[in-house]
Amino acid sequence: MDVRELCNEDSAVGRSVSTAVAAVIADRLDSARTRLLDLFAPHGSGTPLAYAR
């Protein structure tokens, strides 16, 4: 049995897997955003743009 079949059979497992995958994706996107802002932030502008949300 693969993960997709397990998620289809048990909705609680499906929600848990979806939540875990979404959290990993969100963390990776946030890290990429921070790296890009740090790379392209104007120097000497005060507060780094990575912390401005």
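**View 1. One salt bridge in the structure.** The structure holds 1 salt bridge. This is a predicted model. The partners are Asp2 and Arg4, whose side chains meet at 3.9 Å, N to O. How exposed is each partner? Asp2 counts as partly exposed, because its relative accessibility is 33%. Arg4 is exposed, with a relative accessible area of 66%.

**View 2. Val3 in helix H1.** Val3 is found in helix H1, which covers residues 3–9. Is Val3 buried or exposed? Val3 counts as exposed, because its relative accessibility is 52% and the cut-off for exposed is over 50%. Now look across to Val13. In sequence, Val3 and Val13 are 10 residues apart. In space, the distance between Val3 and Val13 is 9.2 Å, C-alpha to C-alpha.

**View 3. The start of helix H2.** Which residue caps the N-terminal end of H2? That residue is Asp10. Find a side-chain oxygen of Asp10, then the backbone nitrogen of Ala12. The two atoms lie 3.2 Å apart.

**View 4. Helix H2 from end to end.** Helix H2 runs through residues 11–40 and has 30 residues. How far does H2 reach from its first C-alpha to its last? The span of H2 is 43 Å. That is close to the 44 Å expected at 1.5 Å a residue.

**View 5. A nonpolar patch on the surface.** Five names to find here are Val3, Val17, Val21, Ile25 and Leu29, which form a nonpolar patch on the surface. Together they have about 430 Å² of accessible area. Which element gives the most to the nonpolar patch? H2 does, with 4 residues. Val17 is found in helix H2.

**View 6. The chain as a whole.** Step back from the close-ups. How many helices and strands are in the chain? There are 2 helices and 0 strands. The chain has 53 residues, and 8% of them count as buried. The chain exposes about 4500 Å². Carbon and sulfur atoms supply 60% of that area.

Key:
Residues are numbered from 1 along each chain as its sequence is written. This is a predicted model: local features need pLDDT of at least 70, side-chain atom pairs count only at pLDDT 80 or more; totals for chains, interfaces and linings use all residues. Side-chain values use heavy atoms; hydrogens and water are left out. The expected span of a helix is 1.5 Å times one less than its number of residues. A polar contact is a pair of N or O atoms within 3.5 Å; within protein, one must be able to donate a hydrogen and the other to accept it, and residues adjacent in sequence count only if both atoms are side-chain atoms. A salt bridge is a side-chain nitrogen of Lys or Arg within 4 Å of a carboxyl oxygen of Asp or Glu. Buried means under 20% relative accessible area, exposed over 50%, partly exposed in between (1.4 Å probe, protein chains only). Patches are made of residues with over 30% relative accessible area and no salt bridge: like charges are joined within 9 Å, nonpolar side chains (Val, Leu, Ile, Met, Phe, Trp, Tyr) within 5 Å. Accessible areas come from the Shrake-Rupley method with a 1.4 Å probe; for residues, only the protein chains shown count as cover.
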